[in-house]
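Subject: Structure handover

Hello,

Here is the structure we talked about handing over. Please open it alongside this email.

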Amino acid sequence: MTVTQIANEIISKMVPSSKSQGPKRHHLNKERHLNIVVVGRAGVGKSSFLNYAAGKKVFETGIGDPVTQSYFDVIDVEKPEKKVVYSLHDTKGLEAGNTEEWKNAIYSEIELRDESDNIYDWFHTIIYCIDASSKRIQPFEINAIKEMAEKGSVLVLLTKKDLVTPDILQNLRQQV
């Protein structure tokens, strides 16, 4: 499923905001605004995926040390033909040494947004990226996915799947 298909599915289930109460995002004058956050381990391709989704390079990518050093770097991608703005949120990668910091940052932002009366402040989709070339899912990732699923819609995206065989992909799908 593409990001556009995901967003269209979310839009179709949402209530129009033209008569909604509560604060509006003052920097955007759009009827529909969708927040998509991408999370996962460091180096799995979160920023690369977001660049692909945006249709241009807007987030730094690299090989080796983690590139994204802050939580919730965001860019807005306007789709006037659909009357929607996608806010794509990149996040610092989850690593074995920063699990608690990562959880606190991600979960507290999700909870803060969930408290808003304006549905356009919420995270509408959480995409958890898993590097298929690692050939397995770490137990702390499974726990993170389960915990986030209790808070909202979580999609699992297998990245770098061009580097593995169909059997490995099938095994990863079964693990998920």
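Predicted model: local features only at pLDDT ≥ 70, side-chain atom pairs only at ≥ 80, totals over all residues.

Start with strand β4, residues 125–131. Seven of its seven residues are buried, so β4 is largely enclosed by the rest of the structure. In a regular strand, side chains alternate between the two faces of the sheet. Both faces of β4 are covered. Thr 125, Ile 127, Cys 129 and Asp 131 are buried on one side. Ile 126, Tyr 128 and Ile 130 are buried on the other.

Next, the strand partners. Strand β1 (residues 32–40) pairs with β4 in the parallel sense, over five bridges. Look at Val 37: its bridge partner in β4 is Ile 126. Strand β5 (residues 154–159) also pairs with β4 in the parallel sense, here over six bridges. For Tyr 128, the bridge partner in β5 is Val 156.

Then helix α3, residues 99–114. It has 16 residues. From first C-alpha to last it reaches 22 Å, close to the 22 Å expected at 1.5 Å a residue. Which residues of α3 are buried? They are Thr 99, Trp 102, Lys 103, Ala 105, Ile 106, Tyr 107, Ile 110 and Arg 113. The elements covering them include β1, β3 (84–90), β4 and α4.

Best wishes

How values were computed. Residues numbered from 1 in each chain as written. Heavy atoms only, no water. Buried < 20%, exposed > 50% of the residue type's maximum accessible area, 1.4 Å probe, protein only. Helix = DSSP H or I, 4+ residues; strand = E, 2+ residues; numbered from the N terminus. Pairing = 2+ DSSP bridges. Expected span 1.5 Å × (residues − 1). Contact = heavy atoms within 4.5 Å.
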